[in-house]
Structures are given as C-alpha cells and as structure tokens.
Amino acid sequence: MVGMRSVSADLPPELQKPQSQALFFKNGEWVELAPGVSEPKGFGPEISFSNEMAKTGETFGLVKISAGATTLFNEWNPNTKESLYAKTIQTVAAARKTRPIKIAGILWMQGESDGATLEMAEAYSRNLTLMIKSFRADLNSADIPVAACRVTAPANQFPFIENVRQAQQHENIEHYKWFDCDSLTRGPDNLHYDTNGQIKLGYMFAEAIKSAN
C-alpha cells in the first residue's frame, strides 16, 4: 500500500498531474491528490484508483493509513492500544471535524507479514472479520464496502502465506470483495509491487469497491 518499489517519474502523464476531484487528507487539511502528496517516495494504488473513480464526476476524499511490514494480528488489531487501527479511527475523526463526510469504502492491501507464523496466519480469517466489524461500528456505518487484494508473497519468506490468501477469500462478510493480484508485477525483492503493478492495483481496487456495494 505504501508503494515503496514504485517510481513516480515513471507514471504516465495523466497520472502525474494533480487530481482536482480527489482530495487527500494530510496534516489536518484536504489537499489535491498527486504523486508526492500521499507518499514521500513513490506512490500507492490511490493514484490510479482516484483517476478511475473521478470518472463518476463527483469530488471525493481519501484518508490513507499505511506502513510496511504490519500484521493484522498486532498492528491492525482493534484490541491493540496505539495500533494502526486506532490511528485510522482517530484520523477519520479529525477529517470529520473539517467538513461533513460519508465513508464510502475501505481499500485493504495487507497480509504478507501475517504469513510469517502459523499462529498469525491461522488467526487471519477471524481477525479480518473482527477488523471489518469494528470499522463499521466505530465509523457508524454498518454497510461500508470493503475491497481487498489477495496478497502475493514468496513462500520462502512467508511460509504460511497460503493460509492468509485462503482467509482473504472470505465469503461470509457482506459488502466485502476480494480480487486476485497474482498478475501484478513486482520489484527486485519479489514482494512489493513495482510502478506498473501499483498502477494496475489502483484500477483493480476501483472495480472491486464498486462491486462490493
């Protein structure tokens, strides 16, 4: 989600310029989304995602919380104090103080690190359900659609990654849509998506979130 193997300079021209219909919440205010705004280095799927969603003609906002090497077991666990989950809720609350907003969807790109141990991998399904239910409760919206990329990661680094992938193919959560990311191109580390992979990921997120409603 961070986009640490992407290169902004390699984006096609239409994705390099600011997107006036996509507002990005940063440092307590809304600014036009552009490469370099959402991430200090590279870019995540939000760039091409927003380019596609702008075709609706509506202005929309993005609140992005991302970090490398995080687990749903710990850092995204709603029951963990000072977690990224808690940071997300706090950031949305701050955004709501600036203007009326409606949460239209959640884009979920995470899971590789949970494949490092059997305990985390086997807990992924129930932790995913817990997180989505918690987001919907804490954000006061029972039907928030969720789009999730089924992660790709080398099994020699994350031996239980297949357990996580199976868990992400969740069929029992309403308004949840997972999609296959196996075709996305990756950087030299064979883990993080490269520039073209990030661009395609954003477009796939846009298609998935529409069908998750």
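Five nonpolar, five polar and four charged residues make up the lining of the second largest pocket; here Ala, Val, Leu, Ile, Met, Phe, Trp, Tyr, Cys and Pro count as nonpolar, Asp, Glu, Lys and Arg as charged, and the others, Gly among them, as polar. This is a predicted model, so local features need pLDDT of at least 70 and side-chain atom pairs count only at pLDDT 80 or more, while totals for chains, interfaces and linings use all residues. Residues are numbered from 1 along each chain as its sequence is written, and side-chain values use heavy atoms, with hydrogens and water left out.

Back to the pocket. Its volume is about 250 Å³, taken as the space filled by probe spheres set on grid points that are joined across faces, edges and corners. A pocket is an open set of points on a 1 Å grid over the protein atoms alone, where a 1.4 Å probe fits, with protein on both sides within 12 Å along at least five of seven lines; lining residues have an atom within 4 Å of a point. Of the 14 lining residues, Phe 24, Phe 25, Lys 64, Ile 65 and Lys 87 lie nearest the centre of the second largest pocket. Strand E1 (19-26) and helix H3 (84-98) are the elements that give two or more residues to this lining, and E1 gives the most, with three. Helices (H or I, at least four residues) and strands (E, at least two) are DSSP runs, numbered from the N terminus.

Follow Lys 64 out of that lining and you meet Glu 39: their side chains form a salt bridge at 2.8 Å, N to O. The term stands for a side-chain nitrogen of Lys or Arg within 4 Å of a carboxyl oxygen of Asp or Glu. Glu 39 sits in the loop between E2 and H2 and Lys 64 in the loop between strand E3 (60-62) and H3, so the bridge ties together parts that are 25 residues apart in sequence. Glu 39 is buried at 7% relative accessibility, and Lys 64 is buried too, at 17%. Buried means under 20% relative accessible area, exposed over 50%, and partly exposed in between (1.4 Å probe, protein chains only).

Ser 38 lies in the loop between strand E2 (29-33) and helix H2 (46-53). Because its relative accessibility is 10%, Ser 38 counts as buried. Its side chain makes a polar contact of 2.5 Å with that of Glu 46; such a contact is a pair of N or O atoms within 3.5 Å, where within protein one must be able to donate a hydrogen and the other to accept it, and residues adjacent in sequence count only if both atoms are side-chain atoms. Leaving aside neighbours within four places in sequence, Ser 38 is in contact (heavy atoms within 4.5 Å) with Phe 24, Leu 33, Glu 46 and Ile 47.

The whole structure holds nine salt bridges. In one of them, Asp 189 pairs with Arg 5, their closest N and O atoms being 3.0 Å apart. This pair links distant parts of the chain, 184 residues apart: Asp 189 is in the loop between strand E6 (176-180) and helix H6 (195-212), and Arg 5 is in the segment before helix H1 (13-16). Elsewhere, Arg 150, Glu 162, Arg 165, Asp 180 and Asp 182 are linked in a network of salt bridges.
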